[in-house]
Amino acid sequence: MNTSDRLDATFLALADPTRRAILTRLAKGEASVAELAEPFAMSQPAISKHLKILERAGLVSQGRRATSRPRKIEAAPLAEANQWIERYREVWERSFSKLDSLLAELQAPATDTKN
Amino acid sequence: MPAPLSVELPSDREILITRDFDGPADLVFACWTQPKLVRRWLTGPDGWEFVTCEIDLRVGGKYRFVWKNVDGVVMGMGGTYREIKPAKRLVSSELFDEDWTGGETISTIDFIEEGKRTRTLNRIVYSSKEARDGALKTGMADGMEAGYRRLDTMLADGPAKV
């Protein structure tokens, strides 16, 4: 996958509350499908479907232990998605810091309170 | 200092931009809706000039923003106001001339006053997930990044006094 495809897969994977909750759980440590399904009112196959989407995005990988195949979180795709969001954030922040100055200026002459 | 800007992806078609400002909601709202104030901060990528800033602030009224860079490249966008609640809420459609957002987007900005501070929540809804991701990934981010670099060299003498 190229960067753009990877990001598509990452954003798709993150655009779901159950999948985000699974990632939050995995951030605390490895877990089996059964363990992951526990907090949700969902069957294991349903959870497996979510895991497949997370795995396709490279956000989650399967451990070696044959019996339980614990899943674990992978940091790299999240970091990449975060980079894009961060750049988008910077674009807005540039404008917003100008708005900060403007607001300060607009309020300066009216109220002479020391800030 | 106000809380830093946060960008969230609440669903696969949305971007939510939250930011606090030091000032009452009516003033912050004015800064988003009065051309002479909008011109002062929504200046687009640094190194660009705000050449057109027209706002017809009524429901169904249109707005149009155009920026131009030193190379003469023009970037324009505009839309229609759908809901106007002074100092509370502003809903508008927006579409860039280049349409790199994959169709019209709808922006809902809520202004929430807390003490002397106003929190703005700008929820931008895109026509599709692809359009949303496209906006995150291309166009704006890349174009503006280039704009900033140009300005970094131009602005060596510090922030311009407004």
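User: Which residues of helix 5 of chain A meet helix 1 of chain B?
Analyst: On the chain A side they are Leu99(A), Leu102(A), Leu103(A) and Leu106(A), and they meet Leu27(B), Val28(B) and Cys31(B). Contact here says that two C-beta atoms, placed from the backbone, lie within 7 Å. Helices (H or I, at least four residues) and strands (E, at least two) are DSSP runs, numbered from the N terminus.

User: Before I go on, what am I looking at, and how's it numbered?
Analyst: This is a predicted model, where local features need pLDDT of at least 70 and side-chain atom pairs count only at pLDDT 80 or more, while totals for chains, interfaces and linings use all residues. Residues are numbered from 1 along each chain as its sequence is written, with chains lettered from A and ligands numbered from 1 in the order in which they are written.

User: OK. At what angle do helix 5 of chain A and helix 1 of chain B pack?
Analyst: About 125°, with their axes 11 Å apart. Axes are lines fitted to C-alpha atoms, for helices over the stretch in contact, and angles run from 0 to 180 degrees between N-to-C directions. That makes helix 5 of chain A oblique to helix 1 of chain B; the cut-offs are under 35 degrees for roughly parallel, over 145 for roughly antiparallel, 65 to 115 for roughly perpendicular, and oblique for the rest.

User: Zooming out, how many residues does each chain put into the contact?
Analyst: Chain A gives 27 residues and chain B gives 28 residues. Helix 5 of chain A supplies the largest share of the chain A side, 20 residues. That side divides into 16 nonpolar, 4 polar and 7 charged.

User: Where does helix 5 of chain A lie on the strands of chain B?
Analyst: Across strand 1 and strand 2 (14-22) of chain B, at about 30° to strand 2.

User: What's the strand order in the chain B sheet?
Analyst: It's an open sheet of 8 strands in the order 1-2-8-7-6-5-4-3, with antiparallel pairing. To count as a pair, two strands need at least two DSSP bridges between them. The edge strands, each pairing on one side only, are strand 1 (6-8) and strand 3 (48-55) of chain B.

User: How many bridges join strand 6 to strand 7 of chain B?
Analyst: There are 6 bridges, and the two strands run antiparallel. Ser93(B) stands opposite Ile106(B) in strand 7, and the bridge partner of Glu94(B) in strand 7 is Thr105(B).

User: What about strands 5 and 6 of chain B?
Analyst: Those pair in the antiparallel sense over 6 bridges. Tyr81(B) has Ser92(B) in strand 6 as its bridge partner. The hairpin has 3 residues between the strands, and Ala87(B) takes a positive phi near 65° there.

User: Switching topic: where is Ser128(B) found?
Analyst: In the loop between strand 8 and helix 3 (129-137) of chain B. Ser128(B) counts as partly exposed because 13 C-beta neighbours lie inside 10 Å. Buried would need 20 or more other C-beta atoms within 10 Å, exposed 12 or fewer, and partly exposed is in between, with C-beta atoms placed from the backbone.

User: What does Ser128(B) touch, leaving aside neighbours within four places in sequence?
Analyst: Arg13(B) and Gly102(B). The C-alpha atoms of Ser128(B) and Gly102(B) are separated by 7.8 Å, though the residues are 26 apart along the chain.

Methods:
Ala, Val, Leu, Ile, Met, Phe, Trp, Tyr, Cys and Pro count as nonpolar, Asp, Glu, Lys and Arg as charged, and the others, Gly among them, as polar.
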